[in-house]
Amino acid sequence: YIRLRADLKPYLAQLAKNVTAHGVPTMRPLWWEFPEDPLTLDINDEYLLGPDLLVAPVAKLGAVSRLIYFPKGAAWQNYFDSSDIREGGASIDVP
């Protein structure tokens with residue numbers, strides 16, 4: 001997680017500048033970046049950290065996977081495994 005922190009530090013700094021300069025929220029509902037995807041309107045347990053990172057917290061005790069919706073209109077790359085790329089517009093059970 002040290003690498004994750006180091007990678008995110010400049011990204012988060014840029015997001016902070018956007019909040020100040022443009023009023024764009026750092027944590028965004030999926031529909032903020034994907035207004036053309038009607039399925040994003042009903043999702044309230046995932047969010048975007050800026051325009052590039054999809055966050056889907058695991059909030060169920062003992063869970064080993066969770067269903068994640070990847071918004072249509074983008075390809076999604078796993079941060080921890082760059083060969084794992086998923087097309088948007090589908091829900092997938094992710095470990």
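1. Arg86 is partly exposed, at 24% relative accessibility (buried means under 20% relative accessible area, exposed over 50%, partly exposed in between, with a 1.4 Å probe and protein chains only). Its salt-bridge partner is Asp84, with the closest N and O atoms 3.3 Å apart; the term requires a side-chain nitrogen of Lys or Arg within 4 Å of a carboxyl oxygen of Asp or Glu. Asp84 counts as buried, at 19% relative accessibility.

2. This is a predicted model, in which local features need pLDDT of at least 70 and side-chain atom pairs count only at pLDDT 80 or more, while totals for chains, interfaces and linings use all residues. Residues are numbered from 1 along each chain as its sequence is written, and side-chain values use heavy atoms, leaving out hydrogens and water.

3. The search of the whole structure gives five salt bridges. One of them joins Arg66 to Glu46, with 3.8 Å between the closest N and O atoms. Arg66 lies in strand 4 (residues 66-70) and Glu46 in the loop between helix 2 (30-33) and strand 2 (47-49), so the pair ties together parts 20 residues apart in sequence. Helices (H or I, at least four residues) and strands (E, at least two) are DSSP runs, numbered from the N terminus.

4. Both partners are buried: Arg66 has a relative accessible area of 12% and Glu46 one of 6%.

5. Arg3 and Asp7 also form a salt bridge, the closest N and O atoms being 3.6 Å apart. Both lie in helix 1 (residues 2-22), four residues apart, about one turn of the helix. Arg3 is exposed at 54% relative accessible area, whereas Asp7 is partly exposed at 38%.
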